[in-house]
Amino acid sequence: MSIIESLRPFERNRIYDMVYAAGVDVSDWDNSKKGKVKNPAANPKYCYNWSFVEPGKVVVLNLWHDDLKEQDGDVTDEWNAREIAERGRSSVTKARAMAMDHAIQLAFKEKLPIRVVLCEGTKRNRNDPDSAASKVSFRFLDSEPWHVARYESGSGQCTLMRGLGGSANRYVDQFDMPVPEGGPAQKVPVKGSTHIRRPEVRRFALDRANGKCEYCGAVGFTMTNGQVYLETHHVVPLHEQGPDSVGNVVALCPNHHREAHHGNNRVEIRKKLQHKLASLAPNNSLQARRP
Ligand SMILES: [Zn+2]
Ligand SMILES: [Zn+2]
């Protein structure tokens, strides 16, 4: 079975549930101009939209399964929402297409992961102004995140591609979260001076860990937007003058991160992690990975 065939929708899920599962705040679906709505999932202000945005986190797009193409194992969808907006006859179609174009541009600019709702049904004939509106029979949320592989700012033509493909980071840590625990994370005050945690060091450790805790090997959990979460940790803490280098930073599951700080076996954990980092040398350097 081809990848595309395996992605054919066969169930009919509610947009509300999928958008929520993808990490978009749906609390406003409760409200309409007239006040509280009885059935938020059917709120017409939202449920017919083609795209949804959670700023800084994720973009959700409805795509037709019919439009998918496969090339060398890559699943893509060529889109031009702007063109649809220009040609659309109703103001509602125009507005939804423009919103979709904006969402794609945002995902492209900010390298946000995209979650895709794949739809199947009767597509409206765009060349026939009298054809009936599209009707979705089946739809589901693709478990794999997507990204914008190409966006032509002049025309709005774009290529959406399944997988994160290096445009958005597959692996993230506590400092990538919108509101890091314990306040601003980049700066750690140390005896009057300030230590910076270099993003390239964290990124290197996350890539090296490949989504698995470098202490126990457990896979980090997958977030609503499709990224995999671990926590980066200085084996010798910055306040003990540990260096902010890839030879001193590991990626841990949240449980072992806490344990490395507060467990009664934290000395042992530190030793094991130091041993592990030492065994990785000499490939364990930022320079070694640079092209
Ligand atoms: Zn662990
Ligand atoms: Zn730590």
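A residue is called buried here if 20 or more other C-beta atoms lie within 10 Å of its own, exposed if 12 or fewer do, and partly exposed in between, with C-beta atoms placed from the backbone. Helices (H or I, at least four residues) and strands (E, at least two) are DSSP runs numbered from the N terminus. The structure is a predicted model, in which local features need pLDDT of at least 70 and side-chain atom pairs count only at pLDDT 80 or more, while totals for chains, interfaces and linings use all residues. Residues are numbered from 1 along each chain as its sequence is written, and chains are lettered from A and ligands numbered from 1 in the order in which they are written.

The protein contains 8 helices and 17 strands, and its C-alpha trace spans about 70 × 50 × 35 Å along the principal axes. Of its 291 residues, 29% count as buried. Two residues are in contact if their C-beta atoms, placed from the backbone, lie within 7 Å; among contacts between residues at least 6 apart in sequence, 61% join residues at least 24 apart.

In soluble globular proteins, nonpolar side chains tend to be buried together. A nonpolar core is defined as a set of buried Ala, Val, Leu, Ile, Met, Phe, Trp, Tyr and Cys residues joined through C-beta atoms within 7 Å. The largest such core has 34 residues, and those with the most contacts inside it are Val 59, Val 60, Ile 104, Ala 107 and Ile 114. Elements that give two or more residues to this core include β4 (58-64), α4 (91-110), β7 (114-122), β9 (146-151) and β10 (158-162). The greatest contribution to this core, 6 residues, comes from α4. Leaving aside neighbours within four places in sequence, Ile 104 is in contact with Ala 81, Val 148, Tyr 151 and Cys 158. Apart from this core lies another, of 20 residues, among them Phe 204, Ala 205, Leu 230 and Ala 251.

Phe 204 and Ala 205 are also among the buried residues of helix α5 (residues 199-209), together with Val 201, Arg 202, Leu 206 and Ala 209. Just after α5, Asn 210 takes a positive phi of about 55°.

Strand β7 holds Val 116, which is buried because 27 other C-beta atoms lie within 10 Å. Not counting residues up to four places away in sequence, Val 116 touches Leu 61, Leu 63, Asp 142 and Trp 146. The C-alpha atoms of Val 116 and Ala 22, 94 residues apart along the chain, are separated by 8.9 Å.

Strands pair if DSSP finds at least two bridges between them. Strands β9 and β10 run antiparallel and are joined by 5 bridges, with Val 148 having Leu 160 in β10 as its bridge partner. These strands form a hairpin with 6 residues between them, and Gly 156 in the turn has a positive phi of about 90°.

The pairing of β11 with β15 (residues 228-229) is parallel, over 2 bridges, and Val 172 stands opposite Tyr 229 in β15.
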